[in-house]
Amino acid sequence: IIVIAATNRPDILDPALLRPGRFDREIVIDLPDIKGREEVLRVHTRRVTLGPDVDLSVLARGTPSFSGAELEALVNEATIHCAMRDGEQVTMGDLEESRDKVRWGRQKTAKAMVDADRRITAYHEGGHALVAHFTKAVEPLHKVTIIPRGFALGATMQLPERDRYHMQRAQVMGQLRVLFGGRIAEELACEDVSTGASNDIQQATRLARRMVTEWGMSEKVGLINYSQEEETVFLGREITRTRDHAEATSLEIDREVRRIVDEAYGGARGILEAHREELDRVAEALLRYETLNGAEVVAVIQGGTVAEVRAQEERRIAEKLRLAQEAERRAAREAKVLPVKGAAGVARAGEGGDGLPVPSPSAPT
């Protein structure tokens, strides 16, 4: 008798279960990498009519940390989105929108916002986008929107170019600067601050504290783990807080967290003050179009227009569609001209008035 079991929380298993003679062999199933995600997407899109602009390798790159079930849900959401707009083919836009919904929540286009709130949100998200663009160590900018999605009034989305297995200090500091970009943009353009940076501040504080207490990225505190959160074996997600260091050490940790946060804040403020005109252009574009992708944000920063980028993308998709149609017609013509064996060897069949091959006169009837 072989007993097989599965869990996604091996850390809370009773150690008695893992003794030799019981569950004594463990097999770890990791999340799929970029190649695995592309193969999973091909499986789930076998019965889906895809448009000519769909590139599953690009979609696989943009779905890091997605499980197989999430990829299946992504494809299902894309087909629903296609049906809701009465489309005949699932496009790359359908797939990207469904990915954003799975990761960040559904758009709330019906949620009304007054002009003042829209302006604050535009500058807030524009600040995130601008800092992300001018910070080399962070992930590339994917999309920025002032359309409410999930619990947020707007969102700035970054997607990695590849699967990452390490996080370097420069990357963490860059992400901290991006998080503070929204609050600083409000200070510079709106003459006041709002509560919109609450989640940004929470994420930044958590990152900075982990840098000091877990990742050894503070020279002053050193390479000692001062983490105070431990999950008990039987309570699972219940957290027990213990502290096995002196009060003076806690004060030193707090000072280091504050120093890191202030350093990241100063870096973000320097970027936005140096590129204030670009910030205004990005905010105005967001107020007009509501959603901009990474290429459109770059064009606006460089002095171009969103209309130019979208026209260029439409021409690219149209050219790709034309090439795909030509390939289909060429394959159809080649399929109609089939070799037919005759008495004297092999002759090429002609084409009848109904478009079907007709036998050569020398061929047997």
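Helices here are DSSP runs of at least four residues, numbered from the N terminus. The legends below all describe a predicted model.

**View 1. Arg183, a buried arginine in helix 6.** Arg183 sits in helix 6, which covers residues 169-190. This side chain is buried yet takes part in no salt bridge. Leaving aside residues up to four places away in sequence, Arg183 touches His124, Val193, Ser194, Ala197 and Ile201.

View 2. Take a look at helix 10 (residues 294-301), where 6 of the 8 residues are buried. Those buried residues are Gly294, Glu296, Val297, Ala299, Val300 and Ile301. Among the elements that cover them are helix 5 (115-133), strand 1 (141-145) and helix 9 (276-289). Strand 5 (291-293) and helix 11 (306-336) are also included in this cover.

**View 3. The two ends of helix 10.** At the start of the helix, Asn293 brings a side-chain oxygen to within 3.1 Å of the backbone nitrogen of Ala295. Just after helix 10 comes Gly303, with a positive phi of about 95°.

**View 4. The largest pocket.** The largest pocket holds about 1,600 Å³ of space. Its lining is made up of 49 residues, and those nearest the centre are Trp104, Thr156, Gln158, Gln175 and Gln203. Helix 4 (92-104), helix 5, strand 2 (155-158), helix 6 and helix 7 (198-213) each give two or more residues to this lining.

View 5. Most residues other than glycine have a negative phi. Asp86 is not a glycine, yet its phi is positive, at about 60°. You will find Asp86 in the loop between helix 3 (68-84) and helix 4, and its 69% relative accessibility makes it exposed. Glu290, also not a glycine, has a positive phi of about 70°. Glu290 lies in the loop between helix 9 and strand 5, and with a relative accessibility of 31% this residue counts as partly exposed.

**View 6. Pro10, in the segment before helix 1.** Pro10 belongs to the segment that precedes helix 1 (34-44). Its relative accessible area is 49%, so Pro10 is classed as partly exposed. Pro10 and Val28 are 18 residues apart along the chain, and their C-alpha atoms are separated by 9.9 Å.

Note on methods
Residues are numbered from 1 along each chain as its sequence is written. This is a predicted model: local features need pLDDT of at least 70, side-chain atom pairs count only at pLDDT 80 or more; totals for chains, interfaces and linings use all residues. Side-chain values use heavy atoms; hydrogens and water are left out. Buried means under 20% relative accessible area, exposed over 50%, partly exposed in between (1.4 Å probe, protein chains only). Lys and Arg count as positive and Asp and Glu as negative; His and the chain ends are not counted. A salt bridge is a side-chain nitrogen of Lys or Arg within 4 Å of a carboxyl oxygen of Asp or Glu. Contact means heavy atoms within 4.5 Å. A polar contact is a pair of N or O atoms within 3.5 Å; within protein, one must be able to donate a hydrogen and the other to accept it, and residues adjacent in sequence count only if both atoms are side-chain atoms. On a 1 Å grid over the protein atoms alone, a cavity is a set of points where a 1.4 Å probe fits but cannot get out, and a pocket is an open set with protein on both sides within 12 Å along at least five of seven lines; lining residues have an atom within 4 Å of a point. Grid points are joined across faces, edges and corners, and a volume is the space filled by probe spheres set on the points.
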